[in-house]
Number of protein chains: 2
Amino acid sequence: MSAEPQSLTVAIIGLGLIGGSLARDLAQRGAKVLGYDRETTIAQRGERDGILTALSSPSDAGAADVVVIAVPIEEALSLLPQLAPSLKDVRLLTDVCSTKASIARAAEKLGLARVFVGSHPMAGDHRSGWDASRRGLFANARTYVCATKASDERAIALAERLWKLVGADPQRIDATAHDREVAWTSHLPHVASAALASALAGASIARDKLGPGGRDATRLAGSDPELWTGIALDNATELLPALEAFEQTVRAMHDALSREDSDALRRHFDAAHTWSRAGQ
Amino acid sequence: MSAEPQSLTVAIIGLGLIGGSLARDLAQRGAKVLGYDRETTIAQRGERDGILTALSSPSDAGAADVVVIAVPIEEALSLLPQLAPSLKDVRLLTDVCSTKASIARAAEKLGLARVFVGSHPMAGDHRSGWDASRRGLFANARTYVCATKASDERAIALAERLWKLVGADPQRIDATAHDREVAWTSHLPHVASAALASALAGASIARDKLGPGGRDATRLAGSDPELWTGIALDNATELLPALEAFEQTVRAMHDALSREDSDALRRHFDAAHTWSRAGQ
């Protein structure tokens, strides 16, 4: 049966941190991996390392059982219409973008809803690119699996199996619910961390002046600016209310401090502390 | 000579994360440690573990060569007048508070300027208390040493020796310059992290929903609320402009997103990314 890991052929378009790590893990688990990257030397390196077979065009991906689009969201949205004709017969088309509603809508519009199931592995860090990719990145990583209303049950099952194969923990969720959740759990922390770093940069405070806590607080600021501009814009509907709430909290703490209102200030530090303890 | 580590007697008032860790390291390096904590069982535990001799009152600290005040800043400011009469003859009076100007002013007012030299070890984390204290906490930690205008050169040298003894890296700095710097490098990241956690708490987003990056960004939110309310208020003069700059940056990113102004948004992510790279 072609669904066995040993015989599964997976084409990965985009060999960055996520795509590259997925290629490494899948190859190691016995899947046949086809790889494409806009920067052709990347796929060639992957081939030389025995991880994948380099594709010369993303449209060649249609020959695989599974196609994984692993490029930033704006790129994925502009690539999908070009690829659509070649993807009608794959068993699963998925992606690894941080937002899930817009790409599902695009797949539906292109007549790919049956084979499309979105994915979002909560793995990776502020690094990016093939050189940052590595085996084991998805171990125990919560991975959201977002079916469309028309997704074939077998495509959904295959998406779950794909992620389990690399050690991840797939969890089904509605695309809109997903986008609302990650607006708070991931996109807001990214913007907050970038705003903190941007403010520090504006004040000419070098990063090496920070202690370990300050370095933690600004770690996400090292993320790829292009990728995160795209994610924030794609998820603006959900991210704006989160950002508004954060801005209000910063302003409230600022106001409390300028009034020397220790009770009001302490309430915020208390809420933060209680929240932190509950998640230990 | 009594300045040799082996014969140095150091009294530590407040046996939390910083005071407790200092006690452990100094004892291990052969200094005689006297310890006092408001919670009497703590000093008794330290004594039972062979780390220190428990003091029954903070005023007994005056018998030591060096007195280290290791309690939160408001507590230190209210304790100092009570202790002043017993501290006139110590060779060094120091503290470990995160702000340095207010306590130096207090020491000057109490006639302790000659023996007083403030300290601020950039060590520790969001944990607190004796149970979190440990050997090696100060290894390679930048430790600010803030003399008053009237500090005795021998007191300053002794402060530097004390920190070198526990592996820290003492650096002299003016108290006001110190407070300005840490407003940005430490206090602002604490408030930003707490504001983020407080906003997430307000939206009922549990901490375990966050990925590794979000957990990094909110780690400082787990810090002691009482301690940080005090630090923020004590350093309000320097912290307010930093907080204002941060608030403006958050608002600018929010505005850019609501206008779908990708260039403006990217500029902030770019500034954050460039700043992060420079500090690697």
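Trainee: Is D261(A) buried, partly exposed or exposed?

Mentor: The model is predicted, and the relative accessible area of D261(A) comes to 25%. Buried requires under 20% and exposed requires over 50%. D261(A) therefore falls in between those limits, and the class is partly exposed.

Trainee: Which residue does D261(A) meet in a salt bridge?

Mentor: The rule asks for a side-chain nitrogen of Lys or Arg within 4 Å of a carboxyl oxygen of Asp or Glu. For D261(A) the N to O distance is 2.9 Å, and the partner is R259(A).

Trainee: Is K100(A), the partner of D95(A) in a salt bridge, buried or exposed?

Mentor: The closest N and O atoms of D95(A) and K100(A) are 2.8 Å apart. D95(A) has a relative accessible area of 0% and is buried. K100(A) has 1% relative accessibility, and because buried means under 20%, K100(A) counts as buried.

Trainee: How many residues apart are R91(B) and D65(B)?

Mentor: Their side chains meet in a salt bridge at 3.9 Å, N to O. R91(B) lies in the loop between α3 and β5 of chain B, and D65(B) in the loop between β3 and β4. The pair links distant parts of the chain, and the separation is 26 residues.

Notes
Residues are numbered from 1 along each chain as its sequence is written. Chains are lettered from A and ligands numbered from 1 in the order in which they are written. This is a predicted model: local features need pLDDT of at least 70, side-chain atom pairs count only at pLDDT 80 or more; totals for chains, interfaces and linings use all residues. Side-chain values use heavy atoms; hydrogens and water are left out. Buried means under 20% relative accessible area, exposed over 50%, partly exposed in between (1.4 Å probe, protein chains only). Helices (H or I, at least four residues) and strands (E, at least two) are DSSP runs, numbered from the N terminus.
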